[in-house]
Amino acid sequence: MSSWRGLCFLVWIMLIGQCQAQLKENFYSSTCPNVESIENQAVSKKLRQTFTTIPATLRLFLHDCFVEAGGPSFNVELGRRDGLISKASRVAEKIPKPSFNLKQLYSIFSQLNLTQLDMIALSGGHTLGVSHCDQFSNRLHSFSSSAQTDPSLDPDYARQLTAACSDSDESTVIILDPETPQIFDNMYFKNLVAGKGLLSSDQVLFSDPASQPIVRDFANSPGEFNVAFVAGMRKLGRSGVKTGRQGELRKDCTAFNS
Ligand SMILES: *[C@@H]1O[C@H](CO)[C@@H](O)[C@H](O)[C@H]1NC(C)=O
């Protein structure tokens with residue numbers, strides 16, 4: 001059987017070379033009568049290989065992930081493979097700095113194929129979590145060489161921050177969403193509207209007229225924010241994904257396999 005296939009294949013190659021200009025539906029009826037079933041088998045085999053390979057390597061495992069602090073729940077696509085390069089020196093250029101303006105922020109997110117809407121929605125993740133005084137002390141007159149406190153900062157909030165940070169130290173922890181720190185909600189956007197974005201890169205989403213309408217939308221509609229946040233998370237999970245034979249699946253996620 002396999003020698004027949006080999007022979008048919010050989011004949012087929014020769015015929016391609018000789019008779020390209022002559023197309024006929026039954027072109028192989030005499031030279032390779034089984035060509036369709038042979039091709040069918042080859043394609044089916046390939047499909048079977050693909051179906052057993054993809055689920056193990058690609059993002060086909062779905063896992064229910066519930067954010068306990070409330071907010072939207074959604075299926076996370078799992079199965080991203082691990083890269084074979086991991087260097088601390090390559091990290092800084094890929095993550096947004098707290099000093100970034102809208103354009104600089106977007107240049108980072110666009111490299112991940114995320115839109116400005118995704119970027120703003122994902123920034124809403126700052127409804128949870130903390131930062132440190134050295135990340136925003138340049139906005140406070142007392143701790144920086146600037147003549148005045150960042151005017152986009154609410155004066156009362158600026159006074160609270162100045163009191164909380166004894167200097168521009170990195171040890172003091174400051175909550176990103178002081179209103180509802182334990183709840184996943186759209187308070188982050190309400191804070192921005194009120195001039196209470198902790199990092200400059202938070203507040204700029206409202207200060208810049210290009211992104212302000214979206215911030216207002218999310219501040220007014222938790223539903224709209226939730227939908228956009230989930231969409232952004234899904235896209236983030238797909239960006240730069242390694243599949244197939246790329247990278248590896250680490251046995252210990254802190255180290256390369258070899
Ligand atoms: C962005 O999208 C392009 C086109 O689909 C793709 O080639 C590229 O790998 C994507 N980049 C990332 C980081 O996912």
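Ser211 sits in the loop that joins helix 7 (200-207) to helix 8 (212-220). Helices (H or I, at least four residues) and strands (E, at least two) are DSSP runs, numbered from the N terminus. The model is predicted: local features need pLDDT of at least 70, side-chain atom pairs count only at pLDDT 80 or more, and totals for chains, interfaces and linings use all residues. Residues are numbered from 1 along each chain as its sequence is written, and side-chain values use heavy atoms, with hydrogens and water left out.

Ser211 is buried because its relative accessibility is 0%. Buried means under 20% relative accessible area, exposed over 50%, and partly exposed in between (1.4 Å probe, protein chains only).

His126 lies in the loop between helix 4 (116-123) and strand 3 (130-132). An unreviewed UniProt entry places the feature "binding site" at His126. UniProt positions follow the numbering used here, feature names are shortened, and annotations may be inferred rather than shown by experiment. His126 has 27% relative accessibility, so it counts as partly exposed.

Phe109 belongs to helix 3 (residues 102-111). It is buried, with a relative accessible area of 14%. Its C-alpha atom is separated by 8.8 Å from that of Ile95, 14 residues apart along the chain.

The table gives contacts (heavy atoms within 4.5 Å), leaving aside residues up to four places away in sequence.

| Residue | Contacts (within 4.5 Å) |
|---|---|
| Ser211 | Leu102, Gln116, Ile120, Val204, Leu205 |
| His126 | Leu176, Asp177, Tyr188, Leu199, Asp202 |
| Phe109 | Pro96, Leu114, Met119, Leu122 |
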